[in-house]
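I opened my notebook for a friendly look through this one. Here is what I looked up, entry by entry.

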Amino acid sequence: MGNCSTVAKEQKIITMITTTGTTEDEQNIVQSTLIKPGPINCLRPESIAHILSFLEFDDLTNCSCVSTDWMDAVSKLDIVQRSINVHNEPRRSKVARRRFAHLDSVVIVCDEMTVTVNPVLLRRFLLPYCSTMKRLCVGGGYAFLGNALKLLNKVNSLDSLTLYDCRFRSVSDLIEVFETKTNLQLLRLTVPKFGARYNPPSLRDYRQLASSIGTLQSLKALVLEDWDLNIDVDAMSLMFSNLHQLEALVVGKANDEVLTKVAEHCPNLKELKIMGHTKAGTLTMSGVMEVVRGCRITTLHIPYLQGYGNGAEHVREIVQCMNTRARINHSESASKSKPTLELTVGVRLCSDSSVSFRRKRSSMMAAAVGIVDQEKVIVDMRIV
């Protein structure tokens, strides 16, 4: 941490003491008191800013009034979380303009899910940063969120956009947000709600959203963790036809046909996670292996995939292919660290109900360990 005297300036408090003496020197005595800096003032402004970054917007605003050093530390923040509810005052957006001059990442959360928030509050808060913002995360029960995000329609600086549990007037409001985001690299989108009654997307809405997402050719990470890609296989398959730079994909449900398209159009894919239960027969080992063989998969999360036999054959096939691809990728890169394979599977890979969970787990773990050379590749395997 270093000596406090080299980091924090010595502070002196000058006090005037009035006495009842007759001489001028006795009447005004100047006393100089040396105040030692506290522990937090021994830190550099960057360290103080990191500590304060865990606070929310209102608390940060109060901290910025403590001293000029703290104000400077707050002004260095590039990300801040804001909770918006019906009790927020519009004047706080003016405070944000003064306090957070370098803000390029904003996390906005509605902390009262039972109420709808006036989008004017959100729009006023985002207005100072719409031209420089790089990362935006919005979540909560907002009414007609598209009205608040219209100011971002002409902004092309975003490289990360997260919208979860959000509500829009129509699907066109959401599509307008995507139209100018040619530099977007990460998109996280939960299933949105539309209209006055907050209806789920129709089949036509899904097709329009899939088509719009497919135009984001710079995407490297796509997180649709509660989406069912089985709803419209043709539209969802077409969505991946232009996402050639995609490296991470997280979906709720998928099937073999969609994964075949992913393997065909996304050769750089390194991470695949299928989070939800999939109807038996629609997703098989065949579809998963299409992706593992056709892409550069090093992280695979398929906890609900059903298999046959004791499951060890499936694990052996997956790990062997992932291990081969990982060693090829590692030889092409300049990295000196050992490649890591992350695999999460479920006991459903073993179709024999008479076998205990412990035996299933031990046989699948042994199958993975027997293939990989632990001195060259690290395997992180979880069986759930």
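**Entry one: a helix pair.** I started with helix 12 (residues 256-265) and helix 13 (residues 285-294), whose axes come within 8 Å and cross at roughly 5 degrees. I note that this is a predicted model. Angles under 35 degrees count as roughly parallel, so I wrote helix 12 and helix 13 down as roughly parallel to each other.

Which residues make the contact? From helix 12 I listed Asp-256, Leu-259, Thr-260 and Ala-263. From helix 13 I listed Gly-287, Val-288, Glu-290, Val-291 and Gly-294. I sorted the residues of this contact of helix 12 with helix 13 into four nonpolar, three polar and two charged.

**Entry two: another pair.** Next I turned to helix 9 (residues 171-179) and helix 10 (residues 203-213), which pack at an angle of about 5 degrees with their axes 10 Å apart. Helix 9 and helix 10 are therefore roughly parallel to each other. On the helix 9 side I found Val-171, Leu-174, Ile-175 and Phe-178. They meet Asp-205, Gln-208, Leu-209, Ser-212 and Ile-213 in helix 10. My tally for the contact of helix 9 with helix 10 is six nonpolar, two polar and one charged.

I then stepped back and found 15 helices and 15 strands in the protein chain. Of its 384 residues, 45% are buried. Last, I looked at contacts with a separation of 6 or more: residues 24 or more positions apart account for 71% of them.

Key:
Residues numbered from 1 in each chain as written. Predicted model: local features only at pLDDT ≥ 70, side-chain atom pairs only at ≥ 80, totals over all residues. Heavy atoms only, no water. Helix = DSSP H or I, 4+ residues; strand = E, 2+ residues; numbered from the N terminus. Buried < 20%, exposed > 50% of the residue type's maximum accessible area, 1.4 Å probe, protein only. Contact = heavy atoms within 4.5 Å. Axes fitted to C-alpha atoms, helices over the stretch in contact; angles between N-to-C directions. Parallel < 35°, antiparallel > 145°, perpendicular 65-115°, else oblique. Nonpolar A, V, L, I, M, F, W, Y, C, P; charged D, E, K, R; others polar.
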